[in-house]
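Grab a pencil and have a go at the exercises below before you peek at the solutions. Each one comes with a worked answer, taken step by step.

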Amino acid sequence: MATLQFKGKSAVWNHHLSVPYHTLEKDAKKSLKGTNVEENLIIEGDNLLALKSLLPKYQGRIKCIYIDPPYNTGNEGWVYSDNVNSPTMQEWVGKVVGKQGEDLTRHDKWLCMMTPRLKLLRELLADDGAIFISIDDNEQHHLRNIMDGIFGEENFITNIIWQKKFSPQSDAKYFSDNHDFILVYAKNKINGQRSSGWVRNLLPRTEEMDERYDNPDHDPRGDWSSSDLSVKTYSESYDYPIKTPSGKIIHPTKGRCWRTSKENLQKLIADNRIWFGPKGDNVPRIKRFLSEVQAGLVPVTIWSHQEVGHNQEARQELKELFPDVEFPFETPKPTRLIKRILQLATDKDSIVLDSFAGSATTAHATLDLNKEDAGNRKFIIVEMESYANKVTAERVRRASKKYGYKTGFSYYTLGSAIDAESILTGKLPTYKEFAKYVYYLATGK
């Protein structure tokens, strides 16, 4: 397998192992009362440190991860801040990542930032879990390569195209950029060598789909729809005349044949599975009963804005909750988009993780889907600095009030580090926190 090389790779490939474990300190004043208050977490702090702090309790337990990392467009103002003990990396610390041409190491910095986070995310993911990552063309090809290296190319599921805009940009220099990607990997993909792993769910059928079925002949098996009995793949033995109940002789269209043999057709007629129309003289069609169709829909890889929303819809959702706030987050994701991911990748009791939480769409979508299907999914989301409380957590508070969600959450900040320095200097956390850390080191659980 070809591997991706980038400046700083040797310094960051195992950096997640040296990241110190931090305690999590609950802020009761910023938490929200309700059900599952101790199981839904909003964590304020650097997401690399936060992910490491989750390992003792959540390693191998997260069913679905969704992240929306910086796309590295050169306009986001994100800063490389990981404290990697390497002269090359130290030159980058605290500096804003620039545009193409201005910053020749911008892609290297992005990969160095993402690598340890992706490694920790993989450790947190359950054996039957999957990760979904929003990205655009700036880093999509690099992300695919680094994911192959961390998750294994054999665990690649698909690359979804999401229509994020519904109208073209007339000022686009070359092409109007109307879509993003959502890269999907399983922790373990079921294949010829592996019989267990991630299994995607079917999407729920819509009322419109079910309305296509009716029961004009009062069949006791219930509503049905009919489909063409003929096929394009020609077989001479399947090209024969059919006599309708009215006595009319029907032949398949020239170049086509019937989809079944003469003998099997008689069985279908005897079982009332062939429809000749209300008068018994129409071209025969085969009946498909609603009770026998698949319980849901197989997902496709192109998601239109009509199905799952677009960027403008996401901004409108935020505006409804924050009517007087100007948001620094320019490209939020619509709730419907994340709900689609949760429908495909979670059970009703799953834990969902988003370590680039932004405006808390993942938490909002989790609560909304729980209300819709009586689920009990829990969320863990991470965001930095004051934004975590003023926007991320505040959206969950306001959405809960506006839409009647009964679920609460616990708000945490990163506490003290447990590392060699803190042990030697005696700056230890509580006995309980230290014991939890020692148990994790000894057992990996």
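This is a predicted model: local features need pLDDT of at least 70, side-chain atom pairs count only at pLDDT 80 or more; totals for chains, interfaces and linings use all residues.

Residues are numbered from 1 along each chain as its sequence is written, and side-chain values use heavy atoms, with hydrogens and water left out.

**Exercise 1. Find the buried residues of helix α10 and work out how they are arranged around the helix axis.**

Step 1: Helices (H or I, at least four residues) and strands (E, at least two) are DSSP runs, numbered from the N terminus. Buried means under 20% relative accessible area, exposed means over 50%, and partly exposed is in between (1.4 Å probe, protein chains only).

Step 2: list them. Helix α10 covers residues 311-321, and its buried residues are N311, E313, A314, E317, L318 and L321.

Step 3: look down the axis. These buried residues of α10 fall within an arc of 165°, so they line one face of the helix; the arc is taken from the directions from the helix axis to the C-beta atoms. A handy rule: an α-helix has 3.6 residues a turn, so residues three or four places apart point the same way.

Step 4: see what they pack against. The partners of the buried α10 residues are β7 (156-163), α11 (335-345), α12 (361-373) and α13 (387-403), with contact meaning heavy atoms within 4.5 Å.

**Exercise 2. Describe the ring pairs of F156 with Y185 and of Y403 with Y405.**

Step 1: set the rule. Rings of Phe, Tyr and Trp (its six-membered ring) pair if their centres lie within 6.5 Å; planes under 30 degrees apart are stacked, over 60 edge-to-face, and the rest tilted. That rule gives six aromatic pairs.

Step 2: take F156 and Y185. This pair is edge-to-face, at 5.4 Å centre to centre with 65° between the planes. It links distant parts of the chain, since F156 is in strand β7 and Y185 in strand β8 (residues 179-186), 29 residues apart. F156 counts as buried at 16% relative accessibility, and Y185 does at 0%.

Step 3: take Y403 and Y405. Their ring centres are 5.9 Å apart and their planes at 40°, so this pair is tilted. Y403 is partly exposed at 27%, whereas Y405 is buried at 8%.

Step 4: look for a cluster. Ring pairs join F151, F156 and Y185 into one.

**Exercise 3. Which charged side chain lies over the face of F156?**

Step 1: a charge sits over a ring if NZ of Lys or CZ of Arg is within 6 Å of the ring centre and within 35 degrees of the ring normal.

Step 2: R144 does this for F156, at 3.5 Å from the ring centre. K9 lies over the face of W13 too, at 5.1 Å.

**Exercise 4. What partners do K164 and R221 have in salt bridges?**

Step 1: a salt bridge is a side-chain nitrogen of Lys or Arg within 4 Å of a carboxyl oxygen of Asp or Glu. The structure holds 27 of them.

Step 2: K164 pairs with D180, the closest N and O atoms being 2.9 Å apart. K164 lies in the loop between β7 and β8 and D180 in strand β8, so the bridge ties together parts 16 residues apart in sequence. K164 is buried at 9%, and D180 is buried at 2%.

Step 3: R221 pairs with D271 at 3.2 Å. R221 is partly exposed at 27%, and D271 is partly exposed at 35%.
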